[in-house]
Amino acid sequence: MSDVTSPAPRKRMSSLLRHHWLNLGLLVILVAVVVIAYLTVGSSDTSTASASRTATVSTGNVTSTVSGSGNLASSRSSSLSFGASGTVTAVKVKVGDKVKKNQILATIDTASAQRELASAKASLASAQASYDDLTEGQTSAEKEVDSLALESAQASVDSAKDAVTEALKQVKADKADGADAATLKKDREAVTSARSQLTSAKSQLAEKKVSVQQNQEGASDAEIAEAEVNIASAKVSVQDAQDALDATKLRAPFAGTVLTVGGEVGDSVSSGSSSSSSSSSSSSGASSGSTESSDTSSSSSSSSSAFITMASTSKMSVTASIAEADIGSVETGQEAEITLSASDETMTGTVSEISPEGTTSSNVVQYEVTITVTDPVDSARLGASVSVVITTGSAENVLVLQTSAITTTGDTSTVSLLKNGVATTTEVETGLEGSSTTEIKSGLSAGDEVQIPTTTTDSDSSSSNGVPGMGGGGGGFGGGGGMGGGPQ
């Protein structure tokens with residue numbers, strides 16, 4: 001037999017050696033990659049942590065705010081009705097119109113009111129004339145009339161006396177002549193009639209004397225007082241009639257915007273209320289509790305105590321809901337910034353009212369705060385959504401520090417003050433806290449460097465040898481058996 005080695009085993013051994021060195025080379029390369037990656041990532045994390053770990057005390061301003069949201073509403077609104085009854089003759093505005101104070105919005109027929117006013121004025125003139133007659137006394141003409149009337153009454157008495165005397169003489173003469181009974185009876189009747197006329201004349205004379213005496217003395221206090229009452233009553237009637245005439249015109253009590261119109265020309269209205277009947281097409285609206293909505297032409301009627309409703313857009317307010325945790329810092333008089341959600345336009349306002357009672361929704365307590373708008377923009381509309389930021393406090397030219405650098409436990413606040421690279425826990429007195437910075441009243445000086453506390457999370461890191469996700473050691477390659485065994 002020959003000792004020469006067969007070529008096949010030598011080739012198999014050479015192949016195994018090449019695979020071994022190839023695997024070993026790959027292992028070296030991967031270890032190098034892992035080391036480089038570890039050093040790179042570690043260096044980056046260390047650099048980032050160092051950059052965000054400190055804050056510097058500086059001088060500046062701190063502003064504390066709380067926020068909320070709500071809707072614009074009018075601070076003043078009014079429901080207007082006619083003060084008299086009648087038929088509507090004109091409606092001079094429509095929904096959405098802006099009106100001025102005292103502008104006429106609608107009118108009703110004035111004929112009845114004008115008649116009432118004319119009658120009241122006539123009664124006043126009569127009462128005034130009666131009063132003037134009482135207080136001015138007799139004129140010379142009136143005195144002359146009284147004198148003539150007194151003379152006439154006296155003459156009537158004298159004439160009646162003469163008639164009685166003549167009648168008696170006639171009775172006496174007829175008796176002397178022996179006149180018959182019928183003649184004597186007639187004579188006696190003449191005497192009775194003459195005496196009756198004398199009595200009447202004397203009575204009239206007495207009344208005239210009393211009247212003349214009263215005219216000469218003037219009106220009594222009671223008569224003057226009664227005349228004054230009559231004048232006062234007549235004046236009230238005139239004013240009432242004038243008010244009724246004025247009430248036929250519906251005027252705007254203040255400048256504002258028309259919200260609803262509850263009637264039209266031809267409608268009948270009564271004092272303090274209105275009624276209407278109208279047809280609408282593809283309309284939708286509401287008026288003082290009456291609502292219309294239709295897609296086709298229809299007839300509808302409504303009855304309301306208000307003919308027109310309006311609201312002021314120059315005096316607007318917002319009722320915002322403020323969280324229970326923030327309400328303690330809100331006070332009346334504080335300034336607020338109001339932003340229109342639709343346009344981002346801003347307005348200023350002042351806190352005017354804080355509700356003492358909170359409301360709870362989903363276990364969250366909130367309090368309503370009313371802010372009066374001080375400079376409404378032209379685009380502001382009633383009901384618009386707004387956000388509100390109330391300034392609850394401010395401090396100027398004070399020491400400020402990033403709030404995240406301060407640790408507060410109970411009533412004690414501390415910081416990690418860096419001196420020569422060494423952090424020392426230092427107690428500080430804080431003041432106003434803003435959205436990101438806090439006022440430092442004592443314990444630090446401007447320029448001091450403070451370490452910001454960091455939070456370490458281990459859940460995303462690996463403590464195993466090697467790069468995360470690659471397994472430890474050479475587990476990715478298997479043991480020696482991965483290279484194959486001896487000759488098969």
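Leaving aside residues up to four places away in sequence, T424 touches V415, S416 and L417; contact here means heavy atoms within 4.5 Å. T424 sits in strand β23, which covers residues 422-433. Helices (H or I, at least four residues) and strands (E, at least two) are DSSP runs, numbered from the N terminus. With a relative accessible area of 41%, T424 comes out as partly exposed, given that buried means under 20% relative accessible area, exposed over 50%, and partly exposed in between (1.4 Å probe, protein chains only). T414 is 10 residues from T424 in sequence, and their C-alpha atoms are 9.8 Å apart in space.

All of this comes from a predicted model, where local features need pLDDT of at least 70, side-chain atom pairs count only at pLDDT 80 or more, and totals for chains, interfaces and linings use all residues. Residues are numbered from 1 along each chain as its sequence is written, and side-chain values use heavy atoms, with hydrogens and water left out. The pLDDT is the predictor's confidence in each residue, from 0 to 100. Its mean over the chain is 79, and 76% of the residues reach 70 or more. Residues 1-5 have pLDDT below 50, and this stretch makes 1 contact in the model beyond near neighbours in sequence. Residues 40-51 are also below 50, with 0 contacts of that kind.

Of the 488 residues, 26% are buried. Taking contacts between residues at least 6 apart in sequence, 75% join residues at least 24 apart. The chain exposes about 30,300 Å², with carbon and sulfur atoms supplying 49% of that area; accessible areas come from the Shrake-Rupley method with a 1.4 Å probe, and for residues only the protein chains shown count as cover.

Two strands pair if DSSP finds at least two bridges between them. In general, strands of a sheet pair through backbone hydrogen bonds, either parallel or antiparallel.

Strand β14 (residues 308-311) is joined to the antiparallel strand β8 (residues 256-261) by 4 bridges. Across from T257 the bridge partner in β14 is A311, while T260 stands opposite T309. β14 also pairs with β3, again in the antiparallel sense, over 4 bridges, and here L80 has I308 as its bridge partner. The side chains of a regular strand alternate between the two faces of the sheet. In β14, I308 and M310 point one way, T309 and A311 point the other way, and all are buried.

Strand β15 (residues 316-323) holds S317. S317 counts as buried because its relative accessibility is 10%. Not counting residues up to four places away in sequence, S317 touches N71, L72, A73, S74 and S75, as well as T370, I371, T372 and V373.

Together with L24, L27 and V31, V28 makes a nonpolar surface patch of about 310 Å².

Notes: Patches are made of residues with over 30% relative accessible area and no salt bridge: like charges are joined within 9 Å, nonpolar side chains (Val, Leu, Ile, Met, Phe, Trp, Tyr) within 5 Å. A salt bridge is a side-chain nitrogen of Lys or Arg within 4 Å of a carboxyl oxygen of Asp or Glu.
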